[in-house]
Amino acid sequence: MNINMQSGTSAEIQKGLIGVQGSPYELESTLPLIERREVTPQLLSTILRGVNQKDHFVNDTFVYDSKDYGVALPAGKRYDGYGARVTKEKGVTFRFGIPSFGISGDVQAKDWANKRKLGSTSEFKTEAEVLGEVNAKIGKSWDLLAEQQLMGLITTDTSNVAGGPFESFNFYTEIIGGTRTVDNITFTNAAIDQAEQVRTIKKELAQEMLRSGDMGAEFVCVCGSNFFDAMYALELDSDNPRELRNEVDFASQEMTSDSIGTQTFKVDNFVASRSGVRFIEYTASIGGVSIGASDAYMVPVSSATFIRTGFAPAQDRENANTVAKEAYGWTSSNRTGLVVYEESNYLTAMTNPRLMRKLGMD
């Protein structure tokens, strides 16, 4: 394009042209946008948490009652006697403090003023676009915290206060006493039936589930990579000369991999043909919290008594002493920008530690 100057001369100006592979004559109206985001694993959130496992309190204390019932069988007696006497058990009340978690983000005018919207050549970035990105990151942060809480809980039996000024509780010690033992599966001894070891543990958990009033819950085994590989080798059964009659023939089929709880994090899993337990390999690490490579945890799916989440209200003029909401949010603004705050006050508590067994390799 030529522009005539007042002096009578002309100048040539190129406008809106972007060089492509060294050529200065290619015009682009949009640019390709490649985005990379953190993967959000949610396996434990999917199998361990549900809507029937939440309690909303009016203060900052998680309180619940527990009672273990015994039984007495009828005994032989004289015709003028009364027989065996049933016992009357006393209940126990557990109280745990509920911690508070928070996260915030800010949007300033300098974040979008004079800045091009990614993926375009002529559109300005807007405040709403930046705010949407901040809110999306905050939402993902809450999802990661929930998964980290559950991962830390099943691997240590202990609540995670994320560095806050609150007391952490070992629920196994508080409720049962002592420390959790490990059920080692003996992979090193061919004379021992490892599938029967696993099945025995599942039967014991199913019996405990019945005592707790949770009917029909499925048990799955969440595994580190070494434990999962060892169980997979048993299922492969490559040394067995007989015809395989399993639902899945791993000698000729690939490992099943599913998105459990999220569309971005697939996990290898299979149902063992002899024990009937689903084994899931879970190698995610969130903030340094993960399942040990040689460890596994047999847990119930969506049990109403195994893990419960207790919520406390925000301590401000509007919400103090009211029934707790699961999350709170506020916004403050000034001439240069705004700040968004979010808060959730909750305790993820292992209210029935007997419904989980930790497995190891021997």
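I started with the rings and found Phe57, Phe62, Tyr64, Phe94, Phe96, Phe169 and Phe171 linked into a cluster by ring pairs. I counted rings of Phe, Tyr and Trp (its six-membered ring) as paired if their centres lie within 6.5 Å; planes under 30 degrees apart are stacked, over 60 edge-to-face and the rest tilted.

Before going on, I noted that the model is predicted, with pLDDT of at least 70 needed for local features and 80 or more for side-chain atom pairs, while totals for chains, interfaces and linings use all residues. Residues are numbered from 1 along each chain as its sequence is written, and side-chain values use heavy atoms, leaving out hydrogens and water.

**Aromatic pairs**

I searched the whole structure and got 15 aromatic pairs. One of them joins Phe187 and Phe227 edge-to-face, at 5.6 Å centre to centre and 85° between the planes. Phe187 sits in the loop between β7 (182-185) and α4 (194-211), and Phe227 in helix α5 (residues 225-236), so this pair ties together parts 40 residues apart in sequence. I took helices (H or I, at least four residues) and strands (E, at least two) as DSSP runs, numbered from the N terminus.

I then checked Phe227 for burial and read a relative accessible area of 0%, which is buried. My cut-offs were under 20% relative accessible area for buried, over 50% for exposed, and partly exposed in between (1.4 Å probe, protein chains only).

Next I looked at Tyr328 and Trp330. Their rings are stacked, 6.2 Å centre to centre with 10° between the planes. Tyr328 is buried at 6%, whereas Trp330 is partly exposed at 33%.

**Salt bridges**

I turned to charged side chains and found 9 salt bridges in the whole structure. Each has a side-chain nitrogen of Lys or Arg within 4 Å of a carboxyl oxygen of Asp or Glu.

Glu326 bridges to Lys54, with the closest N and O atoms 3.3 Å apart. Glu326 is in the loop between β13 (308-311) and β14 (328-334) and Lys54 is in strand β3 (residues 54-56), so the bridge ties together parts 272 residues apart in sequence. Glu326 is partly exposed at 34%; Lys54 is partly exposed at 28%.

What separation in sequence does the Arg357 and Asp183 pair span? Their side chains meet in a salt bridge at 2.8 Å, N to O. Arg357 lies in strand β16 and Asp183 in strand β7, so the pair ties together parts 174 residues apart. Arg357 is buried, at 19% relative accessibility.
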